[in-house]
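Thanks for asking me to look this one over. My notes are below, in the order in which I would go through the model with you.

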Amino acid sequence: MKIHEFQAKDLFRNFGIPVPSGTLATTPSQAVENAKSIPGPPWVVKAQIHAGGRGKGGGVRLVKSLKELSKAADEILSNSLITPQTGPTGQKVRQVLIEEGLEIEREFYLGIVIDRKLESTVMIFSQAGGMEIEEVSAQHPELVLIETIDSVQGLMPYQVRNFFYALDPMPDKSMLKGFSATMTRLYKLFLSKDCSLVEINPLVLTKSGNVVALDAKINFDDNALFRQKEIAQLHDPYELDELEVKAAESNLNYIRLDGNIGAMVNGAGLAMATMDVIKLAGAEPANFLDVGGGASEEMVANGLKIILSDERVKAILINIFGGIMRCDVLARGVVNAAKEVKINVPLIVRLEGTNVEEGREILQNSGLDFSVAQDIEDAARMVAAQVS
Amino acid sequence: MGILVDENTKVVVQGITGNEGTFHTKQMLAYGTNIVAGVTPGKGGTEIDGIPVLNRVKDAVDIYSANTSCIFVPPPFAADAMIEAADAGINVIVCITEGIPTLDMIKAVTFIRKCGAVLIGPNTPGIISPGKTKVGIMPGHVHKQGSIGVLSRSGTLTYEVVDQLTRVDLGQSTCIGLGGDPIVGASFVDHLRRFKEDTETKGVVLIGEIGGTAEEEAAEYIKEEFSKPVAAFIAGQTAPPGRRMGHAGAIISGGKGKAEDKIQSLQSHGITVVLNLGQMGKTALQVFP
């Protein structure tokens with residue numbers, strides 16, 4: 001789960017990680033009014049969307065007067081912000097964060113992620129702050145320092161010193177305390193809120209010698225939301241695709257893609273492989289949809305309805321290998337969906353596994369118009385026929 | 001032989017009285033699995049299908065000599081269940097549960113390995129040595145006893161592949177679902193080491209997907225140390241970056257974990273990669289003599 005920068009900074013404040021003074025606004029006049037309550041000029045006006053690369057799209061602006069601030073807020077709030085991470089249509093900006101402009105001496109990168117190979121949390125620190133960390137890592141790996149944080153020991157003081165004393169040029173030793181506090185508190189936040197990633201880029205050293213988080217990014221482990229109710233409330237429904245939200249309400253795993261062949265599959269791996277099969281057949285998948293092992297007739301019907309409400313879908317492939325999921329349950333779900341929503345596109349069904357004969361019989365006797373594929377090859381051929 | 005589970009496997013089902021636990025206990029018994037006990041704290045003294053239900057895993061080990069555990073416990077309590085099993089002396093722990101917090105798993109795998117137990121999963125369909133025993137939820141009827149080892153990060157995709165292998169008469173020695181989560185108990189390499197020593201296994205099919213570097217690590221190990229033939233399939237060639245494709249571990253992040261990188265890595269280490277899922281059976285006949 002993702003959250004906005006301003007929400008992440010609120011969390012940072014709660015954990016004692018210094019952030020600039022800031023205020024939110026949803027209109028240019030509110031921006032001007034609220035800016036008066038924080039130090040400045042200068043101020044920084046920042047679009048609040050989940051996608052990164054906001055600066056590249058003009059979503060982060062330094063302003064030197066209230067007039068400039070109003071103009072910047074107006075431009076950001078009235079246009080879709082397009083960044084390298086939003087896709088070509090961009091994202092509508094509903095709020096801006098206005099912060100005091102700080103006098104920056106140096107910029108650093110600080111982050112914590114889960115390293116799958118090490119099976120541990122790791123802290124990443126670099127003096128190449130304010131840049132794309134993946135690029136720095138590729139071009140100057142020696143500037144990217146990593147410490148594995150042991151799950152029993154936690155972040156140790158010597159590890160903070162490993163980071164600090166590697167800096168070149170080295171800041172005054174009195175700065176160690178500020179870095180140490182930020183690093184320790186960031187790890188505490190990571191653990192107590194079940195994060196999957198936290199990133200401060202840049203973490204700045206101000207001219208007055210303070211360590212401040214100029215940006216804040218936090219991703220949370222979806223699997224842990226059941227025990228992070230307050231975090232779960234921070235979710236922004238405007239950031240999600242409408243159909244994906246609907247699917248989530250029916251407990252379906254659905255991701256909207258760009259193509260025109262819809263797919264409904266049981267099992268994430270098989271669903272991904274089915275998308276690949278569609279592509280190999282010369283078509284483009286319209287979605288990823290995993291109905292899961294225990295899906296009920298209702299869930300199957302809902303899944304089909306969601307796919308059908310995507311206007312770009314020209315044909316649908318249902319690929320079910322019944323293990324826990326039974327083919328007869330699926331077949332009934334398809335038939336029920338057809339009763340509620342007109343299936344006006346070609347339907348290709350491939351069933352195999354538990355209760356397959358029963359499932360096929362239910363479909364044959366339904367009076368529905370569809371094609372039955374014997375196996376994956378057959379299904380792919382039928383999909384290809386749809387697009388040619 | 002096969003690896004990790006066979007006719008000597010004695011299973012305790014943790015969470016036996018829940019819906020999933022009860023349903024799959026019946027399915028496993030029907031397959032012929034030797035289930036010696038079940039555990040649901042507080043329900044000790046009752047019975048499911050003739051299987052005694054106990055309060056503690058240590059009782060299943062002490063009284064019924066359970067050596068393998070199959071866990072159907074909900075996410076908030078699953079890590080505790082795994083650790084309880086390891087501490088009680090269970091050798092092979094199979095955790096079916098999907099949705100366990102990652103930070104819980106980081107702590108659990110460390111402890112479980114210290115106990116010398118093998119964890120399969122979490123978020124796995126389980127492990128099966130066809131003809132001998134099934135510890136998990138896979139449909140037994142698509143499997144056939146034979147000499148191909150199958151290692152997969154998936155559930156139903158595994159059944160699809162196994163079905164194709166069975167249809168061309170390539171039976172399986174042991175099939176293992178590694179689990180769809182980012183942190184799992186054992187890797188491809190861990191199990192390949194076991195298959196290396198298993199005289200019954202003559203070849204291995206590897207089924208991977210986007211996310212992480214497990215397939216790349218397997219490719220290196222196979223090139224250096226594994227001489228039996230291997231065929232692989234990688235799901236997710238069309239997956240967009242940054243999205244979690246169902247499995248918590250199926251995510252391309254920071255540019256890493258792409259299907260094409262895995263395919264490239266496997267191929268460059270001399271491993272046959274099936275690109276079209278429908279061709280798995282046919283290709284397997286060429287790879288495995």
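Predicted model: local features only at pLDDT ≥ 70, side-chain atom pairs only at ≥ 80, totals over all residues.

1. Chain A has 388 residues, and 44% of them count as buried. Its secondary structure comprises 13 helices and 18 strands. Along its principal axes, the C-alpha trace of chain A spans about 80 × 50 × 40 Å. If you take the contacts in chain A between residues at least 6 apart in sequence, 69% of them join residues at least 24 apart.

2. Now to the interface. On one side 44 residues of chain A take part, in contact with 47 residues of chain B. Two or more residues each come from β13 (253-256), α9, β15 (287-290), β17 (347-353) and α13 (376-387) of chain A. The most are given by α9(A), with 11 residues. Sorted by class, the side of chain A that touches chain B has 20 nonpolar, 11 polar and 13 charged residues.

3. Helix α9 (residues 268-280) of chain A deserves a view of its own together with helix α5 (residues 156-167) of chain B: their axes come within 5 Å and cross at roughly 70°. Because of that angle, α9(A) is roughly perpendicular to α5(B). From α9(A), the residues making the contact are A:Gly269, A:Leu270 and A:Ala273, and from α5(B) they are B:Thr156, B:Leu157 and B:Glu160. By class, this contact has three nonpolar, two polar and one charged residues.

4. In chain B, have a look at the open sheet of seven strands, which has mixed pairing and the order β9-β8-β11-β10-β12-β13-β14. At its edges stand β9 (133-136) and β14 (272-274) of chain B; each has a single partner strand, so one side of each is left without a neighbour in the sheet. On average, and ignoring direction, neighbouring strands of this sheet are turned by 15° against each other. The strands β13 (residues 230-235) and β14 of chain B run parallel and are joined by three bridges. B:Phe233 stands opposite B:Val274 in β14(B).

5. Which helices lie across these strands? One of them is α5(B), which lies across β10 (145-152), β11 (172-177), β12 (203-209) and β13 of chain B and runs at about 155° to β10(B). Another is helix α8 (residues 259-268) of chain B, which lies across β12, β13 and β14 of chain B, at about 170° to β13(B).

6. On packing, the largest nonpolar core has 156 residues, and B:Ile71, B:Met82 and B:Ile93 touch the most other members. Its largest share, eight residues, comes from α9(A). Beyond its neighbours within four places in sequence, B:Ile93 has contacts that include B:Ser69, B:Ile71, B:Met82, B:Ala85 and B:Leu119. Another core, of 37 residues, lies apart from the largest one, and A:Phe12, A:Leu205, A:Leu214 and A:Ile231 are among its members.

7. Not counting residues up to four places away in sequence, A:Val335 touches A:Ile362, A:Ser366 and A:Leu368. A:Gly367 is 32 residues from A:Val335 in sequence, with 9.1 Å between them in space, C-alpha to C-alpha.

Technical notes: Residues numbered from 1 in each chain as written. Chains lettered and ligands numbered in written order. Axes fitted to C-alpha atoms, helices over the stretch in contact; angles between N-to-C directions. Helix = DSSP H or I, 4+ residues; strand = E, 2+ residues; numbered from the N terminus. Parallel < 35°, antiparallel > 145°, perpendicular 65-115°, else oblique. Contact = placed C-beta atoms within 7 Å. Nonpolar A, V, L, I, M, F, W, Y, C, P; charged D, E, K, R; others polar. Pairing = 2+ DSSP bridges. Core = buried A, V, L, I, M, F, W, Y, C linked by C-beta atoms within 7 Å. Buried ≥ 20, exposed ≤ 12 C-beta atoms within 10 Å, placed from the backbone.
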